[in-house]
Amino acid sequence: MIQSIDYVAIAAPLILALVAGVVLLLDAFLPRRTPGALGLVTLAGVVAAFGVLMAQAAEGGRRRTFCVPDSLGGGGCSFVVDRFTLVMSGLALVAGIVIVLLSMAELTDRRIPAGEWYFLLLSALTGAVLLPAARDLATLVVALEVVSLPVFALTALKRYDGRASEAALKLFLVSVVSTAITLFGVSLLYGLTGTLYLERLSPALSAGSGASGVVSVAVVLVLAGFAFKVAAVPFHFWAGDVYQGAPVPVAALLSVVSKAAGFAGLILILVTGLRDQATLWGPVVAVVAAATMTAGNVLALRQRAALRLLAWSSVAQSGYILAPLAVVGGRAFTASMSYLVIYAAMNLGAFAVVMAISRTAPRNELDDYRGLASRRPGTAVALGFFLVCLAGLPPGLAGLFAKVVVFREIVEGGLGWLAVVMAVNTVIGLYYYIAWTARLFAPGPAGASRTRSVPVTVAVGVAVLVTLAFSVAPQLVLSASG
Amino acid sequence: MSWIPIAMLAVPLLGAAVLLLPRFAGRVPRGYGLAVSGVTLALAVAMAAVFDYGDTARMQFQTDVPWIPGLDLRFHLGVDGISLPLVVLTALLTFLCFVHLAGRPQSRPRALAFTLLVLETGMIGTFLALDLLLFFVFFEVVLVPMYFVIAVWGGPERRAAAVKFILYTLLGSAVLLLGLLVVWSQAGTLDMVALARGNGIARSTQILAFLAIGAGLAVKAPMWPLHTWLPDAHTEAPTVGSVLLAGVLLKMGTYGFARIAIPILPEGAATVAPWLGAFAVIGIIYGSLACLAQRDLKRMIAYSSVGHMGFVLLGFATLTPVGVNAALFGNVAHGLITGLLFFVAGAVKDRYGTADMARLGGGMLGRLPYIGSLLTFACVASLGLPGLAGFWGEMLALFGAFRPAAELSRPLFLTFMVIGGIGTVLTAAYFLLMLSRVTHGRPARDRGPAVDVTAYELAAWMPLVLLTLLFGLWPKALLAITTPAVQAILPGVGS
Amino acid sequence: MIVLAVLAILLPFVGAAAGLLGSRVPRSRTPARTARRRAAWFAVLPVAISAVAAVWLAARQAITGDHGAADTVAGTLAEIETGSVPISVGLQVGELSALIGVLVTVVALAVQVYSVGYMRDDPRYPSYSAFISLFTSAMLLVVYAGDLIVLYVGWEIMGLCSYLLIGHWWEDRANSRAAVKAFLVTRLGDVGFLFGIFTLGLSAGSFRIDDVLAADIPTSTLIAATMLLLAGVAGKSAQVPLHTWLPDAMAGPTPISALIHAATMVAAGIFVVARLYPVFLAAQPTLDVLGVIAAVGMLGAALSALAQDDLKRVLAYSTISQLAFMAAALAAGSDHAAIFHLVTHGAFKALLFLCAGVVIHYVGSNLMSHMGGLRTSLPVTFWAMTIGFAALAGLPPASGFFSKDAVIAAIEHSRSPAQLFLYGCALVTVGVTGAYSARAWLRTFFGSRRPVPPSDADDHGHGRAQHEERGRPAVPRSMLWPVVLLAVPALLLGFAGVREFDAESAAISVVIALLGAGVVYSLWRGSPAQDPARMLGPFRVPCERAFYLDTVYDRLVARPVLRLARGVVRTDDRVVDGAVRGSGRAAVGLSGLLRLAQNGNAQLYVTGVLAGVLLIAVGVVVLA
Amino acid sequence: MHVVYPVVVSALLFSIGVYGVLARRNAILVLMSVELMLNAVNLNLVVFDIWLRDRLHGGQVLTLFIIVIAAAEVGLGLAIVLSVFRNRRTIDIDRLRDLTERDLIGPGPDAPVGSDPGPDGPLGSGPDTPVGSGPGPAGAPPGDSPDPGPADPPAPGSEGGAVLDRSEAG
C-alpha cells in the first residue's frame, strides 16, 4: 500500500528535523566547536521552516496528507495544514527563533554541549510544529512526546548543575505519568469508538450506546497529558521548580512552545474530536480554568525569584487561555488562540529580559531588578512593558486586548461566574506584576552593567516589536486566528 | 474627521514619547512639560472656542475610524456638552500641575513629566471616547501612571497606598469591562452614540449590566463603601498626584454614569437608582462624619471627596435632567475646588513638613496669611457656599432629589434629600472646624517665618480661584452647555 | 431704574474685591497706613453711593406709589436653565425692598464710617472692611432679589460674612468657636429654607417671587413650604430654637454686632417672611407656630438679657427678643407692624451697639461690672444711648414706642388661636424689656466707676487694649459721627407711623415698661453698687445661662455627632477598609496554603496529579 | 474471550503502576511503574483492536508507537537519573528538594519601591506571615547552596552524546 505524500504540507517539520540532523553532524565533524555557528544554522533552519509556513499561508489553501485511502473507508487524514495549524505552528516557530537567540547567549560559556542543545531544541520545535497539524490520536500522542522528550533532556543538559538535573527529573516524572494517563484515556476512547481519527471520534461517541461514565472518564484521562503541558491545575505542581531549575531558554521554551503545543492538542481534541460532547467537558474545563488561574496567581503572589514568578504567572495565564475553551459551541477557541499568540509574544519578551539579567545576577531574584531603570533603561522599559502587558493594563494594550477577547467570549458564552473569577484574578495578578515593575524603577544600586549579549538584545527587540505591533494592531492576531 | 481631538491625544502622548529619547536622559528642559501641556490646553481652549454652543447635544469634532475590526473597536472620538467641560478641566489641571512643578521641582523630573503626560492622554481620552471599549482602554491608561506617581513621588506609606489604589481600581475596571461586554453582546455594537439612541436590551440584562458598570464606575468615583483606596492614595500622593486624582480621575467614574450607564441602560438605571441614591447619601453623611474626626489635612480632603461625590451620584440617581446637570456641574466644581484644596494642602505640607492638624497647630492666618486665606477660600467653596462653584452642584442635586424621575419613589428620594441636606451642614461643620483648628488661633512661637505663597503657586492656583468664582456667580456658563446635552440623554424625562 | 439696584449691589461687591486684593498692592512696598487708608476709601465710598442709590429708589417708590401704578422696578438679566425649574437672575424692587434697602445701606454706611475709627489700630482692617462691603452687597441682593434662588445666594453669603467677621479676631479661640457656631446653626436652618424654596418653586413652576406669590398652590404644600422656610428664618433671625449663636456672635468687633447681628442680617428672616407674606397668610398653621416661637423667644430672651453682665450680650438677647416681637407681629397678621418695628429697631439697635462700642472702646471691657459713671466722661454717647434705651423700652417719643405699639396692637387684634398666649408674653416682655434697659443704662452710666482688672482688659478687649496707653483712650470723631447720625432716626423714625397709632395699647405698654424700669430703679437706688439682676433670685443663673440651651445642644447634638464621627472613622478602618485588607490577607493566606504543596517533593506532585485526575473523573461521572 | 477480562487485567496493571509511582521512592522503581502503566495501555489497545476488528489496525499501530515512546522515555529517564545521582549521590525522589518554595521566603518583606519597610500584602498592610513548607527533612539546605556532590568536571561530550543518541533513536 503506497501512499502519496504531500511533501509541501509536511515541509516545515521536515526541514526542522533535517536541520536537527545537520546540526548534530556539524557538531561532530566541524573542527572547532563553534556554538555561534551552530546557533546560526539552527536559526536559519527555523527561519526557513517559518518561511515555508508563510508560503503556505500566502497560498491560502488547505493541505492534507497521510489520508486513509478510499479503499479502506476513507475519511480521515492524519496531517492537515489549515489556518489553525499555520497559526499554532507559526507561533511555535517565531517563539523558536527567540529561544534560539536566547540559547546563543546561554551557550557562550561552553559548559553546555551546543550540538546536543540545538539538536534537542530543533527536535522539540519539530514536535511543536507537527502537533497542530495532527488529526489523529496516534500522531497527536507522538507529536506530544516529540515535544516533551527533548525538553527533559534540555533541562538536564546543564549536567554540572544539580538543580537542573533535579528539575529535569521532576519534569520527567510528572510528564510521563501524565502521558501514561493520557494514553490510557486514548486507549479507552479507541475502545469506545474504534477509530483514532479526531473527526470520527465525536460522531462515533454520539452514535455509540456505550456507558456514559466510561466516556466521561476517557475524556478526562485524555486531557491529562495536554493539561500537563499547559500546567493546568492539578498538573501545575512542577512548574515552579522546573522553571527555576532549568536554563532560562528552556524555561521560555516550556512556557511558550510547549504550552502552545499543549493548547493546540487540547483545542484539537476538544473542538475537533469531542465537538458534540461539549456539555461533558465544558464545565470541567471551566472549573479547571478557574482553578488554574487562581492557583497560578495566588502562588505567584509572594515569589521573590523571577523565574518562579514567571512560572506561576504562566500557569495563571494558562487559566485565562483555557477559559474560552469552556464555552460550549461557537468559535470561542479562537479567543484562546489569540490570547495564546499575544501571551507568547509578551512572555517571551519577559524571558528574554530575565535571560539578560541572569547573566549578571545568577540567582535572579526580584531584588536584582531594583534600579534596573537607572542601569539599563532600555531593558527596564522593555521588561516593564512586558509585565504590564501580562497584567493586561495599558500601555500594554496587547495584553489588555487579549483579556478583552477572552472576557468577551466568556460573557457571550454565559459563563458569568468564570468571568468574575477571572476579573478577580486579573487583580491578584496585577499585584505581583506591578510590584516587579515598580522594582525596576525604584532607586537601586548603581552597578556598571556588563557587556550586553547581542542575541539577547535582538531577542528583546523582536519581542518588543511584536508586542508593540500587537498592541497597536491586535487585528493582526484576531484576523489570523479568527 | 476632526483633527482637534486627535491632536489633544497626540500632543501629550508624543510629548511623553519624546522624553524617552536618550538625549533627555538626566536633563530635561524645565519648561518642557509646561509647554506640552500648554499646547494641549490651548487645543482644549480652541476646541471650546470653536464648539457650537447652539447644539451642545450633538456630538461635535467627531472622528470615527475602525481600529480593531475583530473587536468591533472603533477609534471614535467626539465632544458634546457633557464632555467638553471635563476635557477643558483636564487640560487645565494638568497644565496647572506643571506650573506647580515648575515652581517646586521634584526628583526625577523626566520620569515625572513622562508619567503626567501619559496620564493626561488617558484622562482626555476617557472623556473623548465614544466607543465603549475605547473608553475602557483610556480608562485603564491612567492606572499605571498614577500608580507610579504615588509610588515614586509619594509620602512615607506610598507603596501600600499605591498598590491599594491600583488593585482596587483595577478590580472596578474589570467589573466595568464585564458590564460593557454584556452590553456589547446584547446590543451588538460598541458605539455609544448608537447605543444611547436605543438598543433593545432586555430589562433584566440592563439591570445586570448596570450593576456591573455601575460598580466599576463607583469604585473610581468613589462611592461608599468602595472608597477606602481614596484616602490612602490621597494622603500619600504628591501634590500633583492628589490634584489630578481628585480633579480628574474621580470624574472619570462619574462621567461614565452620564455617558454610558444612564443613557445606554435606562431601565437598569431606573431599577438601580434607589440603591445608587441610598449609597450616595450614605456616602455624604459617612464622608462628612469621617472628615470630622480626621487628623490629617489631606486625608480629610480625601474623605470630603467621598461626600462630594455622594452629591454627584445622588444627582445621577434622580435620573432627572436637573439631577444629571447637578452631577456634571458638581463634577467640574469639585475638580476645581478640590484641586485647589490639594494644591493648598500640599503647600501647607511643604512648609510645615506635616499635614497633621494637631502638629500644624494654629494661626496659619498669622503665619502664612495668603495661604491661610486661600485655604479658607477653598474650604468655603468646597462646603457649598452660594456664589462659589460648589453650591450649584449640591443645590441642584438636592433639587433633583426633591422630585426624582417619575418611575422612582418620591418619598424615598425626599428622604435622601433631607439626609443630603444634613450632609451639607456636616460638610460645613468639618471644614469650619478644620479652619478653626488650623488657620485660627495664635501661631506656635517656636516656628520661624515661612515663605508665604510663591509666584508659581499663585499662577497655579489663581485660575482655579477665578473659575470657582466664575461658575459660582454665573452658573449659566456651565449649565447652558450641559442642559441640552443632558436633556438629550434623558429622553422623555423631566419637564 | 433697575440699574440703580444693580449698582447698589455691585458697588459694595467691587469695593470688597478691591479692598481685599487692591489695598496691599504691591505687596512688599505698601505700608500698613497706606493700605488702611486705601481700604477705608474702598469701604466707604461704594457703600455711600449704594446708599444714595437705595434712597433714590425708595424715594421713587414713594412717589410712584402714590400714583398707585407700576410701583415695582424689576429686571431680569438671564434665565438659567437647570433642566427643571429655571432660575431667573433678576432683581425686583418693591415698596418693602426699597425701604429695607435704605435701612441696610444707611446702617452699613454708618458702620463703615464708624469702623474707620474703631478699627484704627487693627492690622487687618482692609479685610474687615471688605467683608462688611461684601455683606452689604449680599444683604442688598437678598432685599432686591426677584428670584428665590438669587435671594438664597445672598442669604448664604451673608452667613459667610457673618462667620468671617465674628471670627475677625481669630487669635482668640473663643471667637473662632463663636464664628463656627454662628455659621453652622444658621446653616442648619438654611437647609430647611432651601427645601422650602424647592417646594415653592416646584409647585409654582418658577422661582420668581412674583410667580410664586401669584401661583395657585395647595394649602398643604404651602404649609409644608412655609414651615421649611421658617427654619431658615429662625436660624437667620435668631429665633427659638436656633437663636443660640447670636449671643456668642457678640465676640466679633462691636460694629459688626451693630451691623449684622442687630440691624440687618438678623432682620433678613423677618424681611423674607414679609416679602413672601401672602404665602404665609395662606398657611395659618405656620403663622401659629411662628407666634408660639415668637412668644417663647421674646420672653426667654428678655429674661436672659436681664441677667447678663456683658453689655453686648444684653443687647444681643434684646435683639432676639425684639426680633421675636417682629415675628409676633407677623404671626398676628400685620406685616406693616413688623416692618415698622424692623426699621426702627434697625436704627435704635445699631445706635445702641455703636454706643456700646464707644463705651467698650473707652473702658476696655465688655462687662458692665467694669463700667459705671460714664455719664460725665462720655456725654454724647450717654445721650445717644439714652435715646436708644428709650426706644428699646418703648418709651415715648422714641421710635420704638410707636413701632412696639403697632406690634402690640396688631397682636391684640389678631385672631390667631395663640393670640392670648402671645399677647400675654408680649406684655410681660415689655415689662422685662423696660427692666433690663433700665438696668443696663443705670449700670453703665450712673453710679461710681468700677475699675477694670488688668487681666480682664486683655481678655475682653480683644487685644485692642494692648495697643492703647493704659488709661482712657480718646474716642475718635469718626466713631461719634455715626452715633449722632443714627440717634436722629432712632428718635424720630417713629413718627412715620404715627397715623396708625393706637393710644390704648400704647398706654398699657408704656405703663408696663415703666413698671419694669421702676422696679429696677428702686433696687438700684437701694444699693447702686449691686446688680439689680439679683431680683431674679434663684432664676438668675438659669437666665444668665439662657436656660442651659447651649448645654442641651452640646449634649444632644454636638457631642453625639463627634462621637459618631469617631465611630465612623473606626468603622471605616476596621470594617470597610478591614474587609479590603482582609481580602488581601486572605489571598496571601491562600498563597501560603497552596505553597505548602510546593515542597519540592516530586512524589507529592505526582500524587497531586493523580488525585486531581481521580477527583475530576469522579466529579464528571457523578455530576454529568 | 470476552473483552472484559483483558480490559480488567489492563486496568489492574495500570493501577499497580499507579501504586508503584506513588509508593516507591527510588526513581528507577518509579520509572518501572510508569512502564507498567504504559503496558496496560498497550494491552488495552491491542485488545480493542482485535475486538473491534479495526481495518486500519489503529490500536496496533499506536501500540508500536507507544513501545517506542516508552523505550525513549526509559532511556532518557535513566540518563536523567544518572545525572541526578552524579550531582546528588541519591536517587530518592523525595530527597531531591533543592527546588522548592521554601528557599524563596526571605527574612524581610518585599519592598518594590524605595527602601521603606512595608508589610507585604496585596491590598495593604497585612503582616507578612512566612509560610514554610512544613517540617521538611533537615538535610534540605534553605538557600541556593552549591552542589553537595563533588565538583563535577565538564563531562566529555561523548557520554552525553551516547545517552542522547539512544533517546534520539526512539
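The legends below accompany several close-up views of a predicted model.

**View 1. Chain B as a whole, with its 21 helices and two strands.** The radius of gyration of chain B is 21 Å, close to the 23 Å that the globule rule gives for 495 residues, so chain B is as compact as a globular protein of that length. Its C-alpha trace spans about 70 × 60 × 40 Å along the principal axes, and 69% of the 495 residues of chain B count as buried. When contacts in chain B with a separation of 6 or more are considered, 81% of them are accounted for by residues 24 or more positions apart.

**View 2. The hairpin of S1(B) and S2(B).** Strand S1 of chain B (residues 60-68) and strand S2 of chain B (residues 73-79) run antiparallel and are joined by six bridges. One position to look for is Pro66(B), whose bridge partner in S2(B) is Arg74(B). Four residues lie between the strands of this hairpin, in which Asp72(B) takes a positive phi near 65 degrees.

**View 3. Gln294(B) in the loop between helix H12 and helix H13 of chain B.** The loop that holds Gln294(B) is placed between H12 (266-292) and H13 (297-318) of chain B. Gln294(B) has 23 other C-beta atoms within 10 Å, and because a residue with 20 or more such atoms counts as buried, Gln294(B) is buried. Leaving aside neighbours within four places in sequence, Gln294(B) is in contact with Arg299(B), Met300(B) and Tyr303(B). Tyr430(B) is 136 residues away from Gln294(B) along the chain, yet the C-alpha atoms of these two residues are separated by 9.1 Å.

**View 4. Helix H9 of chain A (residues 238-245) and what covers its buried residues.** Eight of the eight residues of H9(A) are buried, so this helix is largely enclosed by the rest of the structure. These buried residues are Trp238(A), Ala239(A), Gly240(A), Asp241(A), Val242(A), Tyr243(A), Gln244(A) and Gly245(A). The cover over them includes, from chain A, helix H5 (137-156), helix H6 (162-193), helix H10 (248-273), helix H11 (278-300) and helix H12 (306-325), together with helix H25 (602-623) of chain C.

**View 5. The largest nonpolar core, with 737 residues.** The members of this core that touch the most other members are Val174(A), Ala260(A), Ala352(A), Ala328(C) and Leu351(C). Helix H7 of chain B (residues 158-187) gives the core its largest share, 21 residues. Domain 1 (283-544) and domain 2 (554-623) of chain C both contribute residues, so the core lies between these two domains. The C-alpha centres of domain 1 and domain 2 of chain C lie 69 Å apart. Around Ala260(A), not counting residues up to four places away in sequence, the residues touched are Met88(A), Leu91(A), Ala92(A), Ala128(A), Leu340(A) and Ala344(A).

**View 6. The contact between chain D and chain A.** Here 58 residues of chain D are in contact with 54 residues of chain A. On the side of chain D that touches chain A, helix H1 (4-23), helix H2 (27-52), helix H3 (58-88) and helix H4 (157-169) of chain D each supply at least two residues, and the largest share, 17 residues, comes from H3(D). Sorted by class, this side of chain D has 33 nonpolar, 14 polar and eleven charged residues.

How values were computed. Residues numbered from 1 in each chain as written. Chains lettered and ligands numbered in written order. Predicted model: local features only at pLDDT ≥ 70, side-chain atom pairs only at ≥ 80, totals over all residues. Rg over C-alpha atoms; globule rule 2.2 N^0.38 Å. Buried ≥ 20, exposed ≤ 12 C-beta atoms within 10 Å, placed from the backbone. Contact = placed C-beta atoms within 7 Å. Pairing = 2+ DSSP bridges. Core = buried A, V, L, I, M, F, W, Y, C linked by C-beta atoms within 7 Å. Domains from an automatic or database assignment. Nonpolar A, V, L, I, M, F, W, Y, C, P; charged D, E, K, R; others polar.
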